[in-house]
Amino acid sequence: MIHNIVNKIRGLFRFTVYSLLPLAGGGWAGASCSDFLYDESDQVIYADDHQLTSDADTLFNIVGIMNKMQVIGDRTILLGELRGDLVSVTGYASSDLRQLAEFTDSLGNKYNQPRDYYAVINNCNYYLAHADTALRNNRNEHIFMKEYAAVKAFRAWTYLQLVLNYRQVPFVTEPVLSQQQSEQAFPYYGIQEVCQYFVNDIAPYADMDMPGFGSIRNTESSLFYYPIRVLMGDLYLWAGDYRKSAECYYGYLSTRNGSNSVYPIGTNAVRFPKENNRWLMANDSWSTASFWTESRGADAELITMIPGDSIPSEGNYSQLRDLFNTNENNEYRQSVVPSKSLMALSAAQKYCHYTSGNEFVIAPENLSDNMTGDLRLQAVYSTQSGADMVVNGKRITNFSTISKYATRNIHILRRSMVYLRMAEALNRAGFPLFAFKILSKGVNNRVIEDEIIPYYLPEHAAWLRSFNFPNTSYVLETTSGNSSENTMGLHSRGSGYTANNPTYQMPDMATADSLERLNYQIEKVEDLIVDEEALEFAFEGHRFYDLMRIALRRGDNAWLARKVAMRNGSIDTRLYNYLQSSDHWYLKFQE
C-alpha cells in the first residue's frame, strides 16, 4: 500500500537517498559506526532544499518513513512470538524461523537486520531536523506539529524495538547524511537510557492529535500512528516507574475519543449461549471485532497497525498470513502453530457458564473440539486433519488457520493491551486489587470507591480517584445483556462470567505481616496478568517481551527460561540452561 503511494509521489521531487548498514562484529566494542550508519543508497528521502515547508513535503516524507516501517513489520511479530512459549515452529518452517525459535546463532538470519531499524530512525531524524514547525496557517495554527509529533512517536517506538532485541544500541538523534558524520563517536544506550530519553522527548506532544491524511485504500490512515500517551506508558513500564505508567495508559483511555471521553473495554466475548447445556458450540463476537475490523470508531479495538502492500511482488508484502495459515502460497504447509504450553494454559481455565436456569456453573473438563477452558484459542485457531480435497490438482489433507492473520496489515496495538498494561502497572505500583478488578469484573467509579479504595490506606485515596471511570459511561456487564453495558473483566472475553466465577478470586494469604501479604498478592496477580496476556495476545508478537519484562523485574532469569523451555510440553534442557543467562535473550549483530 505505502509502496504504491511512494511511487505516485516520487515524481514530485528530485531526491537524494542515503542508507544505513549493519553494525560490524558480534558486539559493540570497537565497532565503527560508519560501517552501519552510512551508505549511498535509497534509505532517506528528502526534497531538494532539505527544508520541509509544504504539505507535499510532509506527506512525501511521512510516507517514506512508513515505507521503512513496513520492512520491520513482520519481524516485529516474529521476534516477539517465536522466542516465547506460545507457539512452536513446524518442520516446514524456514531455517531463519527455526533459528529464532531455538535461540541458535542468528548471524545471517534475514530477520536480524539492525540497519532496517536505523533506516526508520534516520528518516525520522531527517524529518525532525528539517520540518519547519514555526509555520502557521491563516488561522494561526502550526502547520506541521501533528506530523512532527507523529514522527517523534515513530522514532521512539522504533528505538524501543531495537533496544529490546539488541540490548544496547548506538544512539543517534541527528540525520547521518555523510561518511564524515557516520564516523562520530555515538553513545550506546540500554533500555533505561532509551526510556528516559524518549519519555522526555515525546511528553510535550501528548495532547497533539494525529495527522489526518484521510482514508487510503479504504483504510483510515489514523491507524498508522502510535499514540504518544500509550508509548509513554510503555516506556515508563519498562523503566519501572509504575505510577506514571498507569497514569499514561489511563490518560490515553480518557482522551482517545476527545477531551474527557470514554473508551470502555466493551463486552465482545466468546461464550456458550445461555440456552446451550450441551457445550457443543460458542458464539464469537470477540475475534471478528478484534482482528477483521480495521476502522477507527469510538469503540474500535484496533489502535495501531503497520499498513501492508497488497501485491506480493511490490514493496514490503507481509508474509505473516503464509506463516500462520495453510494456503495455496505455502502449499498448505503451515510454519507456526500453537504450542502445547498455550493449549494447556487455555484448557486449564475454568469457564463460568450462566445457564438457562439462571445459575452459574463451571463448565465440564475435557469437552470435545477444543471447547475446554478459555474459548479464545478455539475462536482464532482451527485445524482439520484427515480431510481430503483437491485444490488446483493437489490433494490436500491438512488445513490450519490462525485468524489473527486475516488481512495484509500488521496489527501492533489493541485496546485490550492498554487495559492489561495499565493493570500490570497498577499492580506493581502497589495496587494489586485494582489490577485484579480489571481482569475479573471491570472497573467504574463505583467499583473504585466501594471495593478498591477501602482496601488501601487513606493516603492513597486521592490518587486512586484520579482514575475516573464514570458509572454512567462505564456500565458493568450483567446477565441481562442490556445494550448499555460496555465494561467487563478481560478474563470474561474467553472464560465466561468471571465476576461470578468462584474459582477466579483475588489471591490472598493469611499473615499478620501486611508487607508480606502485599508482596504475595502483587506476584500472584502478576502471574494472572501474564496468563491473561497469553490468552488474549497469543500469536500477536508480544510474548517474549512480556516474559523478558517480568523476568528482569523479578531478577529471575530461570522464570523466563522455564516458560520458554516448556513450550512443547516437556522441559527442553538445553534451552532452559541456555536462557538462564540474559546475554542469550538478545540477537547478535550482523557482520
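In the second largest cavity, the greatest contribution to the lining is made by β8, with three residues. The structure described here is a predicted model, and the second largest cavity within this model has a volume of about 100 Å³. Its lining is made up of Met 66, Met 69, Phe 154, Trp 157, Phe 224, Tyr 225, Tyr 226, Thr 304, Met 305, Ile 306, Pro 307 and Ile 412. At least two residues of this lining are supplied by each of α3 (55-71), α7 and β8 (302-306). By class, the lining of the second largest cavity comprises eleven nonpolar residues and one polar residue, with no charged residue.

The protein as a whole contains 24 helices and 14 strands, and of its 591 residues 57% are buried. Where contacts between residues at least 6 apart in sequence are considered, 72% join residues at least 24 apart. Within this fold, seven cavities of 30 Å³ or more are counted.

The largest cavity has a volume of about 230 Å³. Its lining consists of 19 residues, and Trp 157, Gln 161, Arg 421, His 542 and Tyr 545 are those that lie nearest the centre. In terms of residue class, the lining of the largest cavity is divided into nine nonpolar, five polar and five charged residues.

On the side of α4 the contact is made by Thr 76, Leu 79, Gly 80 and Glu 81, while on the side of α22 it is made by Arg 543, Phe 544 and Tyr 545. Sorted by class, the residues of this contact between α4 and α22 are three nonpolar, two polar and two charged. Tyr 545, which takes part in the contact on the side of α22, is also one of the residues nearest the centre of the largest cavity.

The largest pocket holds about 470 Å³ of space. Of the 21 residues in its lining, Met 208, Asp 209, Thr 255, Arg 256 and Arg 296 are the closest to the centre, and the elements that give two or more residues to this lining are α10 and β8. The lining of the largest pocket is divided into eleven nonpolar, five polar and five charged residues.

In the second largest pocket there is about 390 Å³ of space. The lining of this pocket has 22 residues, of which Thr 267, Arg 271, Glu 477, Gly 481 and Tyr 497 are the closest to the centre. At least two residues of the lining are supplied by each of the strands β6 (270-271), β7 (283-284) and β10 (352-354). The residues that line the second largest pocket are divided into seven nonpolar, nine polar and six charged.

Methods
Residues numbered from 1 in each chain as written. Predicted model: local features only at pLDDT ≥ 70, side-chain atom pairs only at ≥ 80, totals over all residues. Heavy atoms only, no water. 1 Å grid on protein atoms, 1.4 Å probe; cavity = no way out; pocket = protein on both sides within 12 Å on 5 of 7 lines; lining within 4 Å. Points joined across faces, edges and corners; volume = space filled by probe spheres on them. Nonpolar A, V, L, I, M, F, W, Y, C, P; charged D, E, K, R; others polar. Helix = DSSP H or I, 4+ residues; strand = E, 2+ residues; numbered from the N terminus. Contact = heavy atoms within 4.5 Å. Buried < 20%, exposed > 50% of the residue type's maximum accessible area, 1.4 Å probe, protein only.
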